[in-house]
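The report that follows is meant to be read with the sequence and the 3D view side by side. Please keep both open while reading.

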Amino acid sequence: MSYNDITGKAIKTGIQNKAYNEGWDKAFAKKTAHEWLKETPEVIRIVNPNGWAWDDGVTMDTPIKWSDFNNRLNHSTVIANILVK
């Protein structure tokens with residue numbers, strides 16, 4: 001059995017649950033930009049996909065990881081429709 005070096009408590013693996021599955025999916029799954037966009041808040045819309053204009057063969061239809069999607073999204077022109085009350 002493994003033990004935490006700081007606390008000295010035993011390290012146990014818990015039961016796989018929905019949060020684990022969602023975290024795994026975001027870390028390792030590959031989806032197209034269109035699929036990942038469905039998982040972002042509905043207020044975000046891509047106006048100009050500059051992040052997909054790089055000369056690396058990746059298009060909006062290429063399966064990529066969540067981290068790659070976020071990087072490309074951050075290099076794109078987006079609109080966030082936020083209602084302020």
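A residue is called buried when its relative accessible area is under 20%, exposed when that area is over 50%, and partly exposed in between, with a 1.4 Å probe and protein chains only. Helices (H or I, at least four residues) and strands (E, at least two) are DSSP runs, numbered from the N terminus. This is a predicted model, in which local features need pLDDT of at least 70 and side-chain atom pairs count only at pLDDT 80 or more, while totals for chains, interfaces and linings use all residues. Residues are numbered from 1 along each chain as its sequence is written, and side-chain values use heavy atoms, with hydrogens and water left out.

In helix H3, which spans residues 66-74, the buried residues are Trp 66, Phe 69, Arg 72 and Leu 73. They lie on the same side of H3, because the arc that they cover around the axis is only 125 degrees, the arc being that of the directions from the helix axis to the C-beta atoms. These buried residues of H3 pack against H1, helix H2 (33-37), strand S1 (44-48) and strand S2 (77-80).

The loop between H3 and S2 holds Ser 76. Contact means heavy atoms within 4.5 Å, and, leaving aside neighbours within four places in sequence, Ser 76 is in contact with Asn 48, Pro 49, Asn 50, Gly 51 and Trp 52. A polar atom of the Ser 76 side chain lies 3.1 Å from the backbone nitrogen of Gly 51, and the side chain of Ser 76 also reaches the backbone oxygen of Arg 72, at 2.9 Å.

Another loop, between H1 and H2, is the place of Thr 32. Not counting residues up to four places away in sequence, Thr 32 touches Met 60, Asp 61, Thr 62 and Pro 63.

| Residue | Relative accessible area | State |
|---|---|---|
| Ser 76 | 11% | buried |
| Thr 32 | 15% | buried |
| Tyr 20 | 47% | partly exposed |

Tyr 20 lies in helix H1, as does Phe 28, the helix covering residues 18-28. Together with Trp 24, Tyr 20 and Phe 28 make a nonpolar surface patch of about 370 Å².

Accessible areas come from the Shrake-Rupley method with a 1.4 Å probe, and for residues only the protein chains shown count as cover.

Key. Patch = residues over 30% accessible without salt bridge, like charges linked within 9 Å, V, L, I, M, F, W, Y side chains within 5 Å. Salt bridge = Lys/Arg side-chain N within 4 Å of Asp/Glu carboxyl O. Polar contact = N/O pair within 3.5 Å; in protein donor to acceptor, adjacent residues only side chain to side chain.
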